[in-house]
Amino acid sequence: MDGIDLVQLTEERGTPLYVYSERKIAENARVMSAAFQDVHANTKVAYASKACSLMAVLDILRREGLSLEVNSAGELHRARRAGFANKDIVLNGVAKSRDELKQAMSPAIKAINVDSVFELERIGNVAVEHELKANIALRLVPELESGTAPGIETASSDTKFGMVVEDMDRCLSLLDGMGDHVHLAGLHVHIGSQITDKSSYAEAGLFIAEQVERVEAARGESLDHINVGGGFPMNYVKYNDQSPDLGYYRADFSHGDIAAAVLPPLHDRLGRDREVVIEPGRSMVCDTAVLLARVENIKHRGADPWLLLDAGYHTLMEAFTYRWYFHALTANRLDAHETALFRMVGPLCDNGDSFYDVEGEATIRRLFSTEPALAAHRELLEKTLIHQPGFRELPASTGPGDLIAFLDVGAYGMDQIFAINGRGRPEVAIIRPDGVVDTIRSADSMDDQYLNENFDAA
Ligand SMILES: Cc1ncc(COP(=O)(O)O)c(C=O)c1O
């Protein structure tokens, strides 16, 4: 990776180990910015820091001139510590506390994206009480189905996010009574993550353009910016076709294609000069990191070999929560030709700690034993309910001591690590453009096992 031998790196540093590429992070920032600015010059790219909020990653993206999207007081604190100016920070969140709101006004960031009528009232109260000023954008749901994994869908009022159009009308009348304390700077939509249906972006673009027109007509003044959110997909199955046939793992279009879908409705209705904000997270950092794990054990169940790794869902949570597919290969046997199929599992004390879909496979087995006639629909049921391949195709000689690399883990991986079963959180390294490898997050030490616990040692 970037000229560094990862097999050797793990011999020096141990496993599990995350490794990021600074070169790739910077390249993604430039490619993303250019893709949108080519279509709409006045685009601000606000990286969604929830995808990976490591200070070293924020630092790279700030140096590339990006703005930042944050989702809590903690992420806001990181943003300011990483040197982002308040005018370059937007705050989202569905349950912002009074204290979080106060921090987003001290001093005022670019926009608090308001998630409900109640929240707007709360913002007004906090601003008046502390004699502060808030810049806000109203977050709306365009009521569309984007076809991504249900857990990361945000575009309809069936989800917990944002406001429907009627709520916005209520907000506009509330704003009239808030005077200078609350400035309506923009409108916001974010339709979910890993949105692989290009027409969803066009629909969202049209929706927000219509709402901007409506608000501006009602208020008689222009908004400062229009925020069309993130959700741009990555292609997780570019290496071979061993992933399950779930549409949303595949993306065969570029950032430019997304810009060409979402921006034209804005141009048609609002002209070309408005500031447009985008909030890409996954697509900025997904393909900038690998997770390296050691095979610690092998066992044979009937004809099937099982590989037991030292990395489980405590190091890659989305493999568990959404049964997300991450491509895996045997890093020290890249040249091997003969392959075999392996079950791959992690080290934790529950059966769900696996890199195949324990829940989906069991659900199908139960359905078939309850109602054998369902077997006629096997293909459809498997496609709908099983989210990961049952077996991974790896070099046939893969076994204990080998190194498994999970690819495209740069987004929503490292930020979700946690300690469980006495297994600490792993080290995160980064390869600098000059080839130096820096540790940007140390592995937990044995003493970190009881971090923040109060006890008297015996
Ligand atoms: C409001 C908001 N903006 C941006 C993002 C980033 O989405 P993605 O990482 O899919 O680009 C998210 C993530 O869910 C979000 O909730």
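**Close-up views of a predicted model**

**View 1. Helix α2 against helix α3.** The axes of helix α2 (residues 22-39) and helix α3 (residues 55-63) cross at roughly 40° and come within 9 Å. Axes are lines fitted to C-alpha atoms, for helices over the stretch in contact, with angles from 0 to 180 degrees between N-to-C directions. Helices are DSSP runs of H or I with at least four residues, and strands are runs of E with at least two, numbered from the N terminus. The pair α2 and α3 is therefore oblique; angles under 35 degrees count as roughly parallel, over 145 as roughly antiparallel, 65 to 115 as roughly perpendicular, and the rest as oblique. The crossing of α2 past α3 is right-handed (near helix turned clockwise from the far one by less than a right angle; left-handed if anticlockwise). Glu22, Ile25, Ala26 and Ala29 of α2 are in contact with Val57, Ile60, Leu61 and Arg63 of α3, where contact means heavy atoms within 4.5 Å. Of the residues in this contact of α2 with α3, six are nonpolar, none polar and two charged (Ala, Val, Leu, Ile, Met, Phe, Trp, Tyr, Cys and Pro count as nonpolar, Asp, Glu, Lys and Arg as charged, the others, Gly among them, as polar).

The model is predicted: local features need pLDDT of at least 70 and side-chain atom pairs pLDDT 80 or more, while totals for chains, interfaces and linings use all residues. Residues are numbered from 1 along each chain as its sequence is written, and side-chain values use heavy atoms, with hydrogens and water left out.

**View 2. Helix α7 against helix α8.** Helix α7 (residues 165-176) packs on helix α8 (residues 198-219) at an angle of about 30°, the axes being 12 Å apart. The two helices, α7 and α8, are therefore roughly parallel. Val165, Met168, Asp169, Leu172, Leu175 and Asp176 in α7 meet Phe207, Gln211, Arg214, Val215, Ala218 and Arg219 in α8. The residues in the contact of α7 with α8 comprise seven nonpolar, one polar and four charged.

View 3. Ser157 sits in the loop between β6 (134-139) and α7. With 42% relative accessibility, Ser157 counts as partly exposed (buried is under 20% relative accessible area, exposed over 50%, partly exposed in between; 1.4 Å probe, protein chains only). Neighbours within four places in sequence aside, Ser157 contacts Val141, Glu143 and Val164.

View 4. Ser200 is located in helix α8 and, at 1% relative accessibility, counts as buried.
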